[in-house]
Amino acid sequence: MSEIRNLQPAAIWRNFDDLTQIPRPSGHVEKVQQFLLDFAKRVGVEAFQDPAGNIVMRKPSTPGYENRKTVLLQAHMDMVPQKAPDSTHNFETDPIETYIEDGWVHAKGTTLGSDDGIGVAAIMGIMEEKDLKHGPIEALITRDEETGMYGANELPEGELHSDILINLDSELWGKFVIGSAGGVDVTSSLEYQPVDNDQETAVKVTLKGLRGGHSGLEINEGRANANKEMVRLVRKAVAENGARLAAWHGGNMRNAIPFKAEVVLALPESQVEAVKALVEQQRLAIEDEFKGIEKDVQFFVEEVENPTQLVPREIQDNLIDAIYACHNGVIRMIPAYPDVVETSSNLAIIDIEGGKAVIKILARSSREDMKEYVGSMLESCFAMAGMRTEFSGSYGGWDPNPDSKILNLLKEIYKEQTGKDATVQADHAGLECSVILSKYPGMDAVSLGPTLLSPHTTSERFKIDTAEPFWKLLTTALERIEEK
């Protein structure tokens, strides 16, 4: 039995522990869908899987609370599958192993899945608790939020009947989110005819150990992007050592800052030592430039079997130049809120090998015109390399409503419980509220959650002492929801 089952409140931790045993990486949610349906049947609440693959649950009101407004509790079922380089974890079959250290819950060598497993666990707790007082409750647990908000985007209109939306996917206790950025996936691709390799040998260059992180919440922290750091090395090796590009694989999630990248370079035998020295020089430069941020930079060279084919020289040079020129990171802060990011881009994934080059970027902005601007900027950059760009998974921003009634209720309860004023803000990270509200515009919406740090990385951790006040706030708010 996991030690986290002994934590309080039991309604959250028991269910979260159960969730850790169910594989649920984005794109592979069949097991957790069935798990949630089985759970609902066991605790006696209505539940079904909708055409989008979301799980919807409904719990009737406590006697005497029938005239309260209906509340929709919302979270997402999938998790980001990241693991340490030495981990053998298989996210499609293996449970997450948790442990407690210094007041935090961690996972052993993988992401924890508290994003958004804690939100799902809270919903499960609400659905099974018999002693809570509340009006009618709906729950929406969406499919594949992390890879493109597919469940929310495909949510049928007319399926939900709620007046209030409480999203449980925020990550700092005491902060209520009332707005979020929109985003769009930018994919640039190019097919090419590989050429025969005329070089004498080959090396694989690996950069890893970077912090990575959430490309919305942590894009402003100045963390190194493995693809952007790798291109500095590759450009020098091509220009100074006659290297040729055979393959490039960097990053694996569109909404995660890439912490690892690998390239295979073919080159003259006489230049191997020079490239090794260049890599070491670049490693030291990264450590110096990111001092205090990146603490485990690993940049090294291995000699590998010489590949038979290479990227054609002109295409190679164009790709390298485009990657070098591609913007990554914060573009602009919100002028009225200079501490909040308005627009950014994350050079998330690069895959070049075997006749095809694919580059994937997630662009975010709380302004629709700036989202279009950054998309066009990236399209223009890669067009100069002859690449074709496609846009997908676009979602709009969530406009803040500082006069929200549910927000004011939560602020009131938080002040009663803590004696402090809550923080209210808009986030740069995308939340499904924007998509849901586009289909159900009458809902009054807010997002909240307990504290978790470093989501989308193997350093993800959950602050234990924020779970109980979060649960108390949520259950108190449900009891005090106003009448229709």
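1. **Basis.** The model is predicted: local features need pLDDT of at least 70, side-chain atom pairs count only at pLDDT 80 or more, and totals for chains, interfaces and linings use all residues. Residues are numbered from 1 along each chain as its sequence is written, and side-chain values use heavy atoms, with hydrogens and water left out.

2. **Helix α8, length.** Helices (H or I, at least four residues) and strands (E, at least two) are DSSP runs, numbered from the N terminus. Helix α8 covers residues 368–383. The expected span of a helix is 1.5 Å times one less than its number of residues. For the 16 residues of α8 that gives 22 Å, and the end C-alpha atoms are 22 Å apart, so the two agree.

3. **Helix α8, buried side.** Buried means under 20% relative accessible area, exposed over 50%, and partly exposed in between (1.4 Å probe, protein chains only). In α8 the buried residues are Met370, Lys371, Val374, Gly375, Leu378, Cys381 and Phe382. They cover an arc of only 140° around the axis, so they sit on the same side of α8. The arc is that of the directions from the helix axis to the C-beta atoms. What covers these residues includes α7 (313–325) and the strands β9 (182–191), β18 (329–334), β19 (337–353), β20 (356–365) and β21 (388–395). Contact here means heavy atoms within 4.5 Å.

4. **Threonine 343.** This residue lies in strand β19. Threonine 343 is buried, with a relative accessible area of 0%. Leaving out residues up to four places away in sequence, threonine 343 touches Gly329, Val330, Ile331, Arg332, Arg364, Ser365, Met370, Val374 and His428. Met370 and Val374 are also among the buried residues of α8.

5. **α5 against α7.** Two packed helices are described by the angle between their axes and the distance between the axes. Axes are lines fitted to C-alpha atoms, for helices over the stretch in contact, and angles run from 0 to 180 degrees between N-to-C directions. Helix α5 (residues 226–241) packs on α7 at about 140°, with the axes 9 Å apart. The two are therefore oblique to each other. Angles under 35 degrees count as roughly parallel, over 145 as roughly antiparallel, 65 to 115 as roughly perpendicular and the rest as oblique. The crossing is left-handed. A crossing is left-handed if the near helix is turned anticlockwise from the far one by less than a right angle, and right-handed if clockwise. Residues of α5 in the contact include Val231, Val234 and Val238, and those of α7 include Ile320, Ile323 and Tyr324.

6. **α5 against α6.** Helix α5 also packs on α6 (residues 272–289): the axes come within 10 Å and cross at roughly 150°. This crossing is right-handed. On the α5 side the contact includes Glu229, Leu233 and Ala237, and on the α6 side Val275, Leu278 and Ile286.

7. **α3 against α11.** Helix α3 (residues 114–128) and helix α11 (residues 467–479) pack at about 50°, with axes 12 Å apart. That makes α3 oblique to α11. The crossing is right-handed. Ile118, Ala122, Gly125 and Ile126 of α3 meet Phe470, Trp471, Leu474, Thr475 and Leu478 of α11.

8. **Proline 9.** Proline 9 lies in the segment before α1 (10–20). Proline 9 counts as buried, at 6% relative accessibility. Beyond residues up to four places away in sequence, proline 9 touches Ala467, Glu468 and Trp471. Proline 9 and glycine 125 are 116 residues apart in sequence and 9.5 Å apart in space, C-alpha to C-alpha.

9. **A cis bond to check.** The peptide bond from aspartate 115 to aspartate 116 is cis, with omega near 0°. Aspartate 116 belongs to helix α3.

10. **Positive phi.** Aspartate 102 has phi near 55°, a positive value in a residue other than glycine. Aspartate 102 sits in the loop between β4 (98–101) and β5 (104–107) and counts as exposed, at 72% relative accessibility. Serine 454 has phi near 55°, again positive and not a glycine. Serine 454 sits in the loop between β24 (452–453) and β25 (461–463) and is buried, with a relative accessible area of 7%.
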